[in-house]
Amino acid sequence: MANPLFRKHILSIPDFSREELELIVDTAARLKASPRDDLLQGRLIASCFFEPSTRTRLSFETAIQRLGGRVIGFDNASNTSTKKGETLSDSIRIISSYADAIVMRHHKEGAARLASEFSEVPVINGGDGANQHPSQTLLDLFTIRETQGTLEGLSLAFVGDLKYGRTVHSLAQALSLFGCRFYFVGPEALAMPDYICEMLAERGVSYTLAETIEEVIPEVDVLYMTRVQKERFDEADYQKIQGRFVLREDMLKGARDNMKILHPLPRVDEIETAVDASPHAYYFEQAKNGVFARQALLSLVLNETV
Amino acid sequence: MTITRTVEGLKNGTVIDHIPAGQGLRILRLFKLAELGERVNVGFNLSSRHMGAKDLIKVENVELTEAQANELALFAPKATVNVIRDSEVVKKHKLAMPATIEGIFACPNSNCISHVEPVDSFFYVSEQTNDIKLKCKYCEKGFSKDIVTAVE
């Protein structure tokens, strides 16, 4: 029987069942433990970055090539027919007739779902504006499972920009299927949006709003840091909150042994570099896991069995 | 009295009655009822015993389906939609909130891809305790009904 993701589009975290998320995480773990170079043999993947991105694009293209597949594509839209005014739907119709799957990033929200309606081959969303970035969430889930041994019943704190950070929204959506509990730590102006809080309430997930990083550190298995962008505030407001959501090494004294610090990167100054040497720091390993999570996705979408 | 005249005034078609006053023109425009090439009679600010004032639309030779009638529920949940054949009311649609609504309202999110591509807008409708929420299929943003219906 074909795996449930075979020939499916990968667009948005709420589209996935708990079992599908577990399948991807299991597959990523298997590919990390025993790398394969044949799962995309003879396959051609279009890597269409209508909006530039370094890490996501390189990580997808590494995943494809390591699995034996080949890549065509572009890393920004400026030299493509988009510049001449071609619609995304026309571009996708054509590209999908060339390749076996399309990995795409686009600055408009909903671009990947729209593309999936015009594509003959699976579309994998590498980020659509402020909406979704499912492969980031899958690598986060894989990293959490790798460090904690389970996704079930964990305590996590999300710190920083909870309003605009699509990463934290998608991760909260995914982990709400696993009975986790959450702490939200961030400036009031960047609080978790209502629709996420409503979804958590509907699913009976408990969450706590906390004022400081220090108070949640002893309570959690995962500390998920994000960047508070200066440009979201006027200068006076920024001065007030500056430094409040920065993780310093001395704060980690009361942490549980298993506690790991994650961050979607790029990091600016919200995690002091002294934290990097701590056994709790796991964000660079997390970024490395991006390749395995994306290998898992591509393998499942393009092979009946993996 | 009014009902008799309404039915008499229309041999075949659809009568949308009990529209809250002020919504008639929006319904006419959003549902493109005037673009069907059929005769349309409209009444604005008609007196109504229950509503005070109401709007009314009669479209000749067009029978609104149940799904089309339900799309009206977002603006005018208490509107009545009667289908007329040979001057007889043959169907009274009871308006129910539709599960989805397509091609009527533009997505309020200006960065939504649906604005710049050849697709109809598409919302999933969900009824909540004090509100009706519409969630765009494309950008996945959820909006209160009043925000979506106010977009011109």
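Author: Happy to! First, a word on the pieces: the bounds of a domain come from an automatic or database domain assignment. This is a predicted model, where local features need pLDDT of at least 70 and side-chain atom pairs count only at pLDDT 80 or more, while totals for chains, interfaces and linings use all residues. Residues are numbered from 1 along each chain as its sequence is written, chains are lettered from A and ligands numbered from 1 in the order in which they are written, and side-chain values use heavy atoms, leaving out hydrogens and water.

Six residues of domain 1 of chain B and nine of domain 2 of chain B make the contact, which means heavy atoms within 4.5 Å. About 710 Å² is buried between the two, 66% of it on carbon and sulfur atoms. Buried area is the accessible area (1.4 Å probe) that two parts lose on being put together, summed over both. On the domain 1 side of chain B, Leu30(B), Glu71(B) and Leu74(B) supply 71% of the buried area, more than any other three residues.

What about charges? The count between these two domains of chain B is zero salt bridges, a salt bridge being a side-chain nitrogen of Lys or Arg within 4 Å of a carboxyl oxygen of Asp or Glu.

Now for chain A, which is split into domain 1 (18-132 + 289-302) and domain 2 (135-287). Here the C-alpha centres of the two domains lie 27 Å apart, and 26 residues of domain 1 of chain A touch 23 residues of domain 2 of chain A. Together they bury about 2000 Å², with carbon and sulfur atoms giving 56%. Within domain 1 of chain A, Arg18(A), Val25(A) and Asn289(A) lose the most area, together 31% of what that side buries.

Across this interface in chain A the rule finds four salt bridges. Asp26(A) also pairs up with Arg145(A) in a salt bridge, with the closest N and O atoms 2.9 Å apart. As for which element matters for the count, H1(A) gives the most to the side of domain 1 of chain A that touches domain 2 of chain A, with nine residues. Helices (H or I, at least four residues) and strands (E, at least two) are DSSP runs, numbered from the N terminus.

Last stop: chain A against chain B. Here 18 residues of chain A are in contact with 16 residues of chain B. The buried area is about 1400 Å², and carbon and sulfur atoms give 44% of it. In chain A, Lys108(A), Glu109(A) and Leu114(A) lose the most area to chain B, together 39% of what that side buries.

Between the two chains the count is four salt bridges. Glu109(A) forms a salt bridge with Lys141(B), where the closest N and O atoms are 3.8 Å apart. Helix H3 (88-98) and helix H4 (111-118) of chain A each supply at least two residues of the side that touches chain B, and H4(A) gives the most, with five residues.
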